[in-house]
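Subject: Structure handover

Dear colleague,

Here is the structure I said I would pass on.

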Amino acid sequence: MMKKREDDNLTGGVSPDELIGKYGSPLYVYVAEKIAEQYHMMKSALGPEKLRIMYACKALSNINIIRFMKKLGAGLDVVSVEELELGLMAGFQPQDIIFTPSMVGPEDYDFAVEKGVRINVGDLEALEYIGEHHPGQSVCIRLNPHVYAGGNEKISVGHEHSKFGISIFHLRDILRLTKTHSIPVEGLHIHVGSDIQDDEQYLRAIEVLFDHALHFPDIRYLDIGSGFKVPYWRGGSSSNLELLGKFISKKRSWLEEHFQRNIEILTEPGKILVSECGVFLTTVNTIKKGPVGTFAGLNTGFNHFLRPMFYDTEHEMLNLSNPDGRLKEYDLVGYICETDNFAKRRKMPELRPGDTVAFLNAGAYAFNMSSNYNSKPRPAEVLIYKGKDYLIRRRENLDDLLATTVDKGIF
Ligand code: LLP
């Protein structure tokens, strides 16, 4: 039985014990109020007027979360036609959705044009295609500002070796194509990375964005993308939103003065809105003594929680069942038949089989990057809202694993 403690707050006041009892383990739990808190904090820090938050739903795309974002007043950033459809299903107006794909085929642009959403174009080829096949269609252009920023190499996407955006070196080509095909450029965009460690890097990229806006006399909005750092450890640092907000407001005034009209600022955060709302509750399967240390094996693996393996990063974890236990050192590992360390040589209150281990910051890119590797079903997702728990995705089972298989009986 878990002790009642401060960490019940992590699950919106409902005890993790009760949630596991009701829905099983492992379990993703999200707290709606935390999302709202982050949303309002961003709004006030970055300047509430003329700032539009377009939630990057790739971070956590359960339709209930997408609907909650709509309720808060956000727009939506989508990267695929499927996310676009989810957004429409959730009730977003097309103009409140911005489609920011990467390397997709022409049919995806056709679809987005037909649906009437804002289109964010990140390559010259797509720009030309839209000009030729959808005359009069306005676009937002994603620039690659050549700024290296992001929490690690995989999520740093604003440099010249990255596939994303149209290089600022190709500005002349952009101007030529938009002129030749009379493409109205309504917006300009950058997104240089996720979990940006150094605010100065983000400021540099935003400056490049504003400076390039001078070449596009018809723009109505600038989209500063995202990349806001979150504290993956309690007490860890986060982006200085006030600093960014002041800079953006100064640059916006300067641009509005130049164009003599209002310019809307868009941002499309994922992580900062939903990372901290999420807790991943897991259970210790087994404790194994190795020749040089002790392994704590959990009832999950990188199939459910990939970030530590994919980005070589670690999340804070708590032993909820034995918080006052004696500190011991563990390698916390998963059950997948590959190396899947969640944490190396981590000091935790003594772990025992059956104990509940909570991963913090499990809202963003956690469930959404899960898979069925090792033929393991995915966990359930629960949303806590006003102290009540709602099952927003049921746990998968063997039938789900077989659902798309076509057993031909050939053998
Ligand atoms: N806008 C665009 C164009 C993006 O590609 C992304 C994220 C975002 C906005 C939202 O960025 P955020 O606010 O979440 O940093 N799976 C990685 C993060 C990948 C980000 C992909 N693009 C992780 O778990 O760290």
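In this predicted model, a polar side-chain atom of Tyr311 lies 2.7 Å from a nitrogen atom of the ligand. For Ser226 it is a polar side-chain atom, at 2.5 Å from a ligand oxygen. Gly270 takes part through its backbone, with an N or O atom 2.8 Å from an oxygen atom of the ligand. On its own the ligand would expose 570 Å², and the protein buries 91% of that area.

The shell around the ligand holds 18 residues, and the closest are Ser194, Ser226, Lys271, Arg307 and Tyr365. By type, the shell divides into six nonpolar, six polar and six charged residues.

The space that the ligand takes is the largest pocket.

Rolling a probe the size of a water molecule over the atoms shows where empty space is left. Searching the whole structure gives one cavity of 30 Å³ or more. The volume of the largest cavity is about 40 Å³. Its lining is made up of Pro101, Ser102, Met103, Gly122, Asp123, Arg142, Lys163, Phe164 and Gly165. These lining residues divide into three nonpolar, three polar and three charged.

Regards

Definitions and conventions: Residues are numbered from 1 along each chain as its sequence is written. This is a predicted model: local features need pLDDT of at least 70, side-chain atom pairs count only at pLDDT 80 or more; totals for chains, interfaces and linings use all residues. Side-chain values use heavy atoms; hydrogens and water are left out. A residue is near a molecule or strand if one of its heavy atoms lies within 4 Å of it. A polar contact is a pair of N or O atoms within 3.5 Å; within protein, one must be able to donate a hydrogen and the other to accept it, and residues adjacent in sequence count only if both atoms are side-chain atoms. Accessible areas come from the Shrake-Rupley method with a 1.4 Å probe; for residues, only the protein chains shown count as cover. On a 1 Å grid over the protein atoms alone, a cavity is a set of points where a 1.4 Å probe fits but cannot get out, and a pocket is an open set with protein on both sides within 12 Å along at least five of seven lines; lining residues have an atom within 4 Å of a point. A molecule sits in a cavity or pocket if more than half of its atoms lie within 2 Å of its grid points. Ala, Val, Leu, Ile, Met, Phe, Trp, Tyr, Cys and Pro count as nonpolar, Asp, Glu, Lys and Arg as charged, and the others, Gly among them, as polar. Grid points are joined across faces, edges and corners, and a volume is the space filled by probe spheres set on the points.
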